[in-house]
Amino acid sequence: MKFKKPDCLKCPVRSLSIFEHVQEDDLVEISTTKGFSNYKKGENIFREGQPALGIYILHNGKVKITKTGVMGREQIVSFARQGEIMGYRPMLLEESYDISAIAIEESTVCFIHKNKILQLIEQDKDFALKLIRTALQSSKKVTEIVSSLSQKTVRSRVAESLLIIKDEFGEDAQGNIDVVLSREDLSAMIGTSSESYIRMIKELIDDEVVTKEGKKFKIQDEQTLKRIAEKYDY
């Protein structure tokens with residue numbers, strides 16, 4: 001199926017991104033020159049080690065951001081939702097990508113070359129400030145997640161992973177967490193084996209803290225799940 005490249009001037013996703021208030025003439029140029037691609041579930045949008053030639057904007061779908069860890073194991077360090085930008089840090093540092101972006105469901109992605117991004121940074125101080133804030137917020141989130149998950153038991157990490165993905169993707173009309181992740185993804189998120197993750201999930205289901213509807217999880221008792229995850233509201 002061929003996907004039509006969206007017009008940046010009319011695109012509703014722009015209101016969710018750092019391009020919300022970019023000038024019209026710049027948007028016309030971006031719309032004309034940008035790349036636009038569709039990715040199936042499991043396909044790489046970009047990979048570690050590739051030269052960072054620009055930034056990617058998630059137009060539709062869901063994406064996991066991964067990094068190769070010890071002994072070559074994949075670790076999920078964050079996720080991207082509609083309107084979020086990806087790959088900007090190594091582009092700004094003129095480095096290769098130190099992360100990979102992989103579609104976790106069918107996704108459409110825009111690509112803007114670094115020359116245009118650098119031009120906007122130089123000419124539009126509001127855009128530059130938004131990019132800086134986005135970078136700082138993203139770095140803070142990743143640091144908090146990695147630090148928190150690395151200091152807890154497997155049971156606590158499993159509980160927190162469910163809270164994180166609910167916070168990232170929200171709930172569908174039935175109250176299920178609105179994303180489908182494989183057992184490999186879920187275990188890679190917290191740095192444990194699939195077997196350990198499955199065992200802990202079964203315990204949470206047996207304790208009626210969570211349920212599973214098809215391939216999606218539903219949090220039945222969020223306060224208990226927070227307690228298990230060692231997350232407290234002060």
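Colleague: Which residue forms a salt bridge with Glu222?
Modeller: In that bridge the closest N and O atoms are 3.9 Å apart, and a salt bridge here means a side-chain nitrogen of Lys or Arg within 4 Å of a carboxyl oxygen of Asp or Glu. Both residues sit in helix α8 (residues 222–229), four residues apart, which means about one helical turn between them. Helices (H or I, at least four residues) and strands (E, at least two) are DSSP runs, numbered from the N terminus. The partner is Lys226.

Colleague: What pLDDT do side-chain atom pairs need to count?
Modeller: Residues are numbered from 1 along each chain as its sequence is written, and side-chain values use heavy atoms, with hydrogens and water left out. This is a predicted model, where totals for chains, interfaces and linings use all residues, local features need pLDDT of at least 70, and side-chain atom pairs need pLDDT 80 or more.

Colleague: Is Lys226 buried or exposed?
Modeller: Buried means under 20% relative accessible area, exposed over 50%, and partly exposed in between (1.4 Å probe, protein chains only). Lys226 comes out at 18%, so it counts as buried.

Colleague: Which residues are joined into one network with Glu222 and Lys226?
Modeller: Glu171 has its own salt bridge, with closest N and O atoms 3.6 Å apart, to Lys166. Bridges that share partners tie these residues to Glu222 and Lys226.

Colleague: Which side chain of opposite charge is nearest to Lys218?
Modeller: Lys218 is in strand β10 (residues 216–219), and it is buried yet has no salt bridge. For charge, Lys and Arg count as positive and Asp and Glu as negative, while His and the chain ends are not counted.

Colleague: How many residues of helix α6 are buried?
Modeller: Among the buried ones are Asp185, Leu186 and Ile190. Helix α6 (residues 183–190) is largely enclosed by the rest of the structure, because its buried count, out of eight residues, is six.
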